[in-house]
Amino acid sequence: MAEVIFMPRLSDTMEEGTVVKWHKNIGEKILEGDILAEIETDKAIQEFEAESNSTLLYIGIKEGETAPVNSLLAILGSENEDISSLLKENQTIIKKKNKKIFISPLAKKIAFEKGISLENIKGSGNNGRILKKDIEKYNNHLSDDKITFKKVDHSNMRKIISKRLINSQMESPHYSLFLEIKMDNLIKLRESLNEMNYLKKISFNDLIVKASAIAIKANPKINSSWTEKSILYHKNINIGIAVALEDGLIVPVISNVDDKSLRKISLEIKDKVIKAKEKKLKSNECSTFTVSNLGMFGIDSFTSIINQPNSCILSVGRIKKKPIINNDKIVIGHTTKFTLTCDHRMIDGAVGSDYLKCLKHLLQEPLNILL
């Protein structure tokens, strides 16, 4: 019996998806586990697998098209099976889709590179499909009118980022705590660790993530989420690492950080950052705390918006060489400014302060990170 397949919700924030590629053609036999299509969500490009043996009878969303979650994606069934009644039943779903734009992959690429909105372009291909020549004609028209700005339509990722950040600011009362921490001992520890292994280098961010997890374990109220009826205190310490992409921000998650070695954490972060940048990251993991590090961009200090449902986010600035007072003497040392932004519904100032004091102790006496 034929089965209707809808656009799946592949992440907790996904509202629509784009079919990047179909791996099967209409009429082609499918085995359980075969890759049917590649779908781009707000976070990554993911493979969509078949769950049973069947034949692809109908494609509802073509390559390059974007549609909301639960839109008709495809129909699977037996070879030559009559699906006319199924199509008729699902016409209401088809009609409720957002306006679809039919466009060739090359035309889409050129439009993206030139920042051209597709809304006002009339395609000359079959079914109004926009072709390369349509983009070029429209672009020439813009040039003739001496347009002095570049317009880039929002990507799925940028739409979701915008919505989540606005919701976070509106729903949770943010406040921030600031602390400057001496980093000289941490610098020495990192140098010693990396002298022992030339191939896989430990980064400052690796050490900070591990220290953050240890400090959370000592201050478990930090590892919490707010619901309408209660506060959830999480047993697992899953830390999200904010990673900047070309068209937005994504937060890969390292789970059970407190139970993992520094080396394992370092390798896992490197692997997930690469996958995130290639849009190959699986998006089914949820963080309980987030670290955002802009030190590599030369930023001294900053505040971040909480990545809900987390209760806090730690912002990390650059390591700065400066005069500091040590035993009543001015010496040259290295410090980093840390900012802990908290949701005041769960985290009071004293709780956040205790967490930062614990983190300071770990980073200034970093052998404790390895114990």
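Reader: In which sense do β1 and strand β8 pair, and over how many bridges?

Author: Two strands pair if DSSP finds at least two bridges between them. Strands (E, at least two residues) and helices (H or I, at least four residues) are DSSP runs, numbered from the N terminus. Here β1 and β8 (residues 72–77) pair in the antiparallel sense over four bridges. Ile5 stands opposite Ala74 in β8.

Reader: What should I know about the model and its numbering?

Author: The model is predicted, with local features needing pLDDT of at least 70 and side-chain atom pairs counting only at pLDDT 80 or more, while totals for chains, interfaces and linings use all residues. Residues are numbered from 1 along each chain as its sequence is written, and side-chain values use heavy atoms, with hydrogens and water left out.

Reader: How many helices and strands are in the chain, and what box do its C-alpha atoms fill?

Author: The chain has 10 helices and 19 strands. Its C-alpha atoms fill a box of roughly 85 × 55 × 45 Å along the principal axes.

Reader: Which sheet does β1 belong to, and what is the strand order?

Author: The order is β1-β8-β6-β3, an open sheet of four strands with antiparallel pairing. At its edges are β1 (3–6) and β3 (29–30), each of which pairs on one side only.

Reader: What is the strand order in the sheet that contains β5?

Author: That open sheet of four strands runs β5-β4-β2-β7, again with antiparallel pairing. The edge strands β5 (45–49) and β7 (66–68) each have a single partner strand, so one side of each is left without a neighbour in the sheet. Angles run from 0 to 180 degrees between N-to-C directions, and axes are lines fitted to C-alpha atoms, for helices over the stretch in contact. With direction ignored, neighbouring strands of this sheet are turned by 40° against each other on average.

Reader: How many bridges pair strand β4 with β5, and which residue stands opposite Glu38?

Author: Five bridges join β4 (residues 35–40) to β5 in the antiparallel sense. Opposite Glu38 stands Glu47 in β5.

Reader: Which helix lies across β2, β4 and β7?

Author: Helix α5 (residues 156–171) does, running at about 160° to β2 (16–22).

Reader: Which residues of β17 are on each side?

Author: In a regular strand the side chains alternate between the two faces of the sheet. In β17, Cys312, Leu314 and Val316 are on one side, and Ile313 and Ser315 are on the other; both faces are covered.

Reader: Which strands pair with β17, and in what sense?

Author: Strand β16 (residues 289–293) pairs with β17 in the parallel sense over four bridges. Asn293 has Val316 of β17 as its bridge partner. Strand β19 (residues 329–343) runs antiparallel to β17, and five bridges join the two. Ser315 stands opposite Thr339 in β19.

Reader: At what angle do the axes of helices α7 and α9 cross?

Author: The axes of α7 (residues 204–218) and α9 (residues 349–364) come within 9 Å and cross at roughly 135°. That makes α7 oblique to α9. Under 35 degrees counts as roughly parallel, over 145 as roughly antiparallel, 65 to 115 as roughly perpendicular and the rest as oblique.

Reader: Which residues make the contact between α7 and α9?

Author: Contact means heavy atoms within 4.5 Å. Among the residues involved are Ile208, Ala211 and Ser212 of α7 and Tyr355, Cys358 and Leu359 of α9. By class, the contact has 11 nonpolar, one polar and no charged residues. Ala, Val, Leu, Ile, Met, Phe, Trp, Tyr, Cys and Pro count as nonpolar, Asp, Glu, Lys and Arg as charged, and the others, Gly among them, as polar.

Reader: Where is Leu189 found, and what does Leu189 touch?

Author: Leu189 is found in helix α6 (residues 184–196) and counts as buried at 10% relative accessibility. Not counting residues up to four places away in sequence, Leu189 touches Leu207, Pro366, Leu367 and Leu370. The C-alpha atoms of Leu189 and Leu207 are 9.7 Å apart in space, with the two residues 18 apart in sequence.

Reader: Is Ser266 buried or exposed?

Author: Ser266 counts as buried, at 1% relative accessibility. Ser266 lies in helix α8 (residues 262–277). Leaving aside neighbours within four places in sequence, Ser266 is in contact with Lys201, Ile202 and Asp206.

Note on methods. Buried means under 20% relative accessible area, exposed over 50%, partly exposed in between (1.4 Å probe, protein chains only).
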